[in-house]
Structure formats: structure tokens, C-alpha cells
2 protein chains.
Amino acid sequence: MKIKEIKIEDLKPEKFIEEKIQEISSEVGKGLAINALSGGVDSSTVTMLGHRALGNRLKTYFIDNGLMREKEPEYVVSLFRDLGVKVELIDAKRSFFQALKGITDPEQKREAITQTFYKEIFGKLVKQTGAKYLLQGTNYTDVEETVAGIKRQHNVLDQLGIDTQKRFGYKVIEPLIQLRKSAIREVAKALGLPEEIYKRIPFPGPGLATRVIGEVTPENIDIVRKATKIVEEELKNTKAFIYFPVLHKDKVTGIRNNQREFGFQIEIRCWDSKEGKTGEPTQIPYEILKKLAQRITTEVSGVVSVTYNITTKPPSTIEVI
Amino acid sequence: MKIKEIKIEDLKPEKFIEEKIQEISSEVGKGLAINALSGGVDSSTVTMLGHRALGNRLKTYFIDNGLMREKEPEYVVSLFRDLGVKVELIDAKRSFFQALKGITDPEQKREAITQTFYKEIFGKLVKQTGAKYLLQGTNYTDVEETVAGIKRQHNVLDQLGIDTQKRFGYKVIEPLIQLRKSAIREVAKALGLPEEIYKRIPFPGPGLATRVIGEVTPENIDIVRKATKIVEEELKNTKAFIYFPVLHKDKVTGIRNNQREFGFQIEIRCWDSKEGKTGEPTQIPYEILKKLAQRITTEVSGVVSVTYNITTKPPSTIEVI
């Protein structure tokens, strides 16, 4: 199957929405569908499309992996409740932290999160509900990266631990596969999702785990979560592509109340980028950088030092691990 | 003994130099004095004063601990040779790297360097030469910090491994003890030392070892040494108090030639400060920061990321360890 992009200039959001609702309806028929909502633009859009098409026959789960922004699970569930969509919150924090214990290698961290999500948590839900249809927010950039060999094909059924021998009867529906992010934002807006969702900056799948160097523990996720809140508040008006803090493992010397304090360092990254393939550090005014450092070292316990990334991508990458 | 500061506005450099030459001459008489030159302003000034007072009866050693700037030992020895001062270069690199092996704690690193310098290397030279007078560049800020309890008293003879029982006969001469750094720079200039010496930014005693997080090895000293050269070249015109790179132990993801490269990160610090007690990050224009990052990631093998410190002192400190 050759997938054809719908470019943003050719997109008629209302017409697109009607067509996708029709397609999902006729595909699922009287059956049951399931999806995982993360609160990002893609999964929020898929959830709304599925809800419009299937109503209560779409089961939507928010899996709290413990690696989210502050109050994110409650925020997303309550936002969708206000839109008339029931989302079931699954507390899986313990499973994820257990899977991450002792792992320091970045690739192994990502793998542990993927495995826990698909095999342990979401895989079980798919089987329990008896749903035979899975809604996924795969977009055109994902397809393109697969073709280019940058990302491996998401073989969703395999990832869910659904044996290929028994695969018959399961079907993956990907209503956003012809759209890029900016077009998806248009659809999200037309679906009545609030600006705070359709304008959201990207957030990595493995969440705050990608923003901790070294082992991921509830304690250091808590530090980087507090810093994330401050960074997102202070850099909201930069219009940058993405901005976030990273907790380093290296400790550095500080002084507090005339006492030596061997403490944590936070690195801030803020990128100007069209689609993430290349990037330039945003030229944030020094007065804002100073305020960021001052707030983080005051409000986040244990942090004595803050730096700002000044490298382009390449040779840096957008995220730190 | 109460030491009285000579303030820069009361300093008459020529007169000060004549007085100190007289004092050193009459103190040492026909004896032999010894001193260690590091190439910093203080020890360079002491070397010139001692040389003027004693000529060949001052034995000056440059101890190459392997933790210096690029080509520093050769540079300092040759600069003083041109001024008519013979400096003996002692290659002690192996002793220092041996002493630092396996040590990651910042305080233990500093202690290992101090011990190797005083007990193992310079201590032996003092005994070998039979010198009974030690010239030291102790300045008024050192005295003040001792009184305030910030720094421990430099008990030089103890540090040299010269037993207090046998101390009699040894004497420490500190001709700069009434001056602060800016006044010492005036004296250095009046002594005919070149601008590159009397305007030199401070460089820590333990050298580049303080600019490597984690274990100090010849390999990572080499990385931070190359970065130091670039940072000093690019930030020379900032008029900042001090500027330097730090090699982190944490590795971060980069991309080079479309390949993932898990590489090193360098943090740059550049401080506006009067005397180092408090400090503000210098507001370096982004175009210079960009050039710094570009040069370091291109010219220093293995480095894929560069950050800039944006924290004030306090709660940061000037150096990272």
C-alpha cells in the first residue's frame, strides 16, 4: 500500500473529519475498538475521531507511567471528560519504575519503556476488553522515517505481544497516516480540542525518562518534572519548536548559606526547528535565562547549577539521550 | 603579626619593587632561595623580584603536573629565559596522573594534587638544593580568607614534609602578602613582565584537573586542554573575570554523518566578577556562543554538545568542582 500525503494546503479539516468518522464507523461496525491516549496532539485527535465515530464502543485508556508532566494524568482525563469523552486512568507507575531500575544506557531505557507499555500494560488491556480494533495516531512523518530506515516499522500487533499466528481478527486503524503534525493540529482544532492541546509542543513517548541522564528513579523524575513546569511556563512565549530541562547525573559544587553544597545540574534546551531534523538553539534573552536559573535553583530542591544548550543539531540531537 | 594591606591607590610600584628587593637581599644574605613558578601573575611576580634580588642564588622550578594549558611549560620557561631568568622544568606528569588515578571526589582530587606537589615533588627539590629560603606568592586575599576561615592556613613547611622538629633554619618569604591581585598586576607590569602575564586571567592551582568531572586521565585532560585553548581565544575580548570549559562525565547523544554518536559534553563558564566572591554569567552575544560550540564540536574529537552556564554565584560556585 502506497500512502499519499495530504498536504496542509490541500486539507479541508471538516471534510477530512467527516470522511474519517465514516471510515472508522464502517470498519468497526458493531465491534469494539481501543486506544491509548497520551495527551499529545496525535493521540488526542485520534481519540476525538474515534469517539465521534463509535461513542462508547471506543475504550480509551490513559496509562500513567509515572514519567509525565506534573498533574498530567488528571489534567488529560478531566479535559476529555469535559469534552464528553470517558477516559480510564491506569496507574502503571510501579511497573515502569520497576522496569527502569538499574538501567543507565539510553537505548535500554527506551526499550524497557516500550516493552512495559506494549507487552505488560496496554497488551493486557487489549486482550481483556476483547477489542478487535486498535486506533493508533501514526502520522505521515512516521511512515516517511520508516521508509528512510530512520525508525523501525511499528509492528503494533507484535509489540502488543499478539502472536502472528493468532493475528487474524485484529485490525489497526491509523486515521492520521496521511497527515503531518501541522495538518493534525488543524484537524485537532476543528474537532473542538482546546488550544492547549492543539498547540502543544512535542513530548517524547518515553516521557521524562529521556530527560534524566543515568538511572531513572521516582526521585529524579520528581526533580526534572518540577523543572519542566518552570521551563514550560517561562518559555511558552518563545514560539520555539520544543523546550525542556534535562537532569544531569554529574554533580557540581554550589554554595548555599555560605555552606558548600554538592548538588544537581539542570541543562535547558530550547530549539528553533521546522520539523526536528535540524535545529538551532533559540536566542533566549539573558534576562529570561537568568530568571529560569534563579527559579530552578530556588524552587527545585538540590539543584545548584543551570546551563543552556548552545550547540546546533547536528552534531547535537534534540533530546539528550 | 598583623598584616596591613597596601591598597592599589597607595601603591607606588617602583618604590615597592626597590623595597622588596632590599628586604629579600638582606634576608637571604649569601644563602640560597627556591621558588615554584606556575606562570600565573603571583608566582611570576615573585620570581622576578627574587631574581632581581638574588640573581643565580634563586632556584626557580616550573613543575609540569600535566594539568596545564597547551604548551604552557615551554611557553613560561621560554618567556622567562627571554627575560634573563633561568627556570628549570621538572616533568612530573606521571606522578600527578598516578596520584589522581581512580579518584572521582572533587576534594580528594585537590588533596591528591596538593600532596603530590608539596610532599613528593617540590618538597624533594627544597631538600636537594639545600635552600633555606622559600619564596611564596601568598597575597592579601589569601590572608583575609584564612582569617575568615574560608581557606585553611597554608602551613607551607608542613606541606613540604619538613618536620616541625627540624623546621629551624627554613624561612618562608612572602613579598606580595600586603597586595591584592590588581595591585600585584601593577607590580608585575612595572617589573617588565609582558602584558600576557600581568593581564592573565586566574588559573586554578590544581589546573585542568578542576575542569574535568570524574576521574582525571591524560585522555580527558587532553580534551579539556584543547577546549581551553578555543575558549581563551574566543572570549579574550570579553574582559570577563575568568572563562573556561569543563568536561562533563555524563555522555549525551549526538549525530555525525547521519550516525548516532554517544559523545562528550563541554560546559563553558564565563564570569563577570570583582573578586570572585559573587559572580554573574557574562552576557556573551549568541553569535560568539554559536562559534564556540561550532569550533569545539569540530576541533575537539568526541565532543558533540556544548552548554553555557546561566547560574549566578551563589548558588553556583565559579569553578565546577
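Buried here means under 20% relative accessible area, exposed over 50%, and partly exposed in between, with a 1.4 Å probe and protein chains only. This is a predicted model, in which local features need pLDDT of at least 70, side-chain atom pairs count only at pLDDT 80 or more, and totals for chains, interfaces and linings use all residues. Residues are numbered from 1 along each chain as its sequence is written, chains are lettered from A and ligands numbered from 1 in the order in which they are written, and side-chain values use heavy atoms, with hydrogens and water left out.

View 1. You'll find A:T311 in the segment after β10 of chain A; helices (H or I, at least four residues) and strands (E, at least two) are DSSP runs, numbered from the N terminus. Skipping neighbours within four places in sequence, A:T311 is in contact with A:W271, A:P281 and A:S316 in its own chain, plus B:A293, B:T297, B:V304, B:S305 and B:V306. Contact means heavy atoms within 4.5 Å. A polar atom of the A:T311 side chain sits 2.6 Å from the backbone nitrogen of B:V306.

**View 2. Where chain B meets chain A.** On each side, 43 residues take part: 43 of chain B are in contact with 43 of chain A. Together the two chains bury about 3,500 Å², and 57% of that is on carbon and sulfur atoms. On the chain B side, B:D250, B:Y286 and B:I310 lose the most area to chain A, together 22% of what that side buries. Buried area is the accessible area (1.4 Å probe) that two parts lose on being put together, summed over both.

View 3. Between chain B and chain A the count is four salt bridges, each a side-chain nitrogen of Lys or Arg within 4 Å of a carboxyl oxygen of Asp or Glu. A:E280 and B:K290 form a salt bridge, with their closest N and O atoms 3.3 Å apart. The chain B elements giving two or more residues to the side that touches chain A are α5 (106-129), β7 (252-256), β8 (259-272), α11 (286-299) and β10 (303-309).

View 4. In chain A, a cis peptide bond joins A:P314 and A:P315, with omega at about 10°. A:P315 lies in the segment after β10 (303-309) of chain A. Over in chain B, the bond from B:K313 to B:P314 is cis, with omega near -15°, and B:P314 is found in the segment after β10 of that chain.

**View 5. Two loop residues of chain A with positive phi.** A:K71 isn't a glycine, yet has a positive phi of about 60°. A:K71 lies in the loop between β2 (58-64) and α3 (72-82) and counts as exposed at 59% relative accessibility. A:N258, not a glycine either, has a positive phi of about 60°. A:N258 lies in the loop between β7 (252-256) and β8 (259-272), and is exposed at 78%.

Terms used: A polar contact is a pair of N or O atoms within 3.5 Å; within protein, one must be able to donate a hydrogen and the other to accept it, and residues adjacent in sequence count only if both atoms are side-chain atoms.
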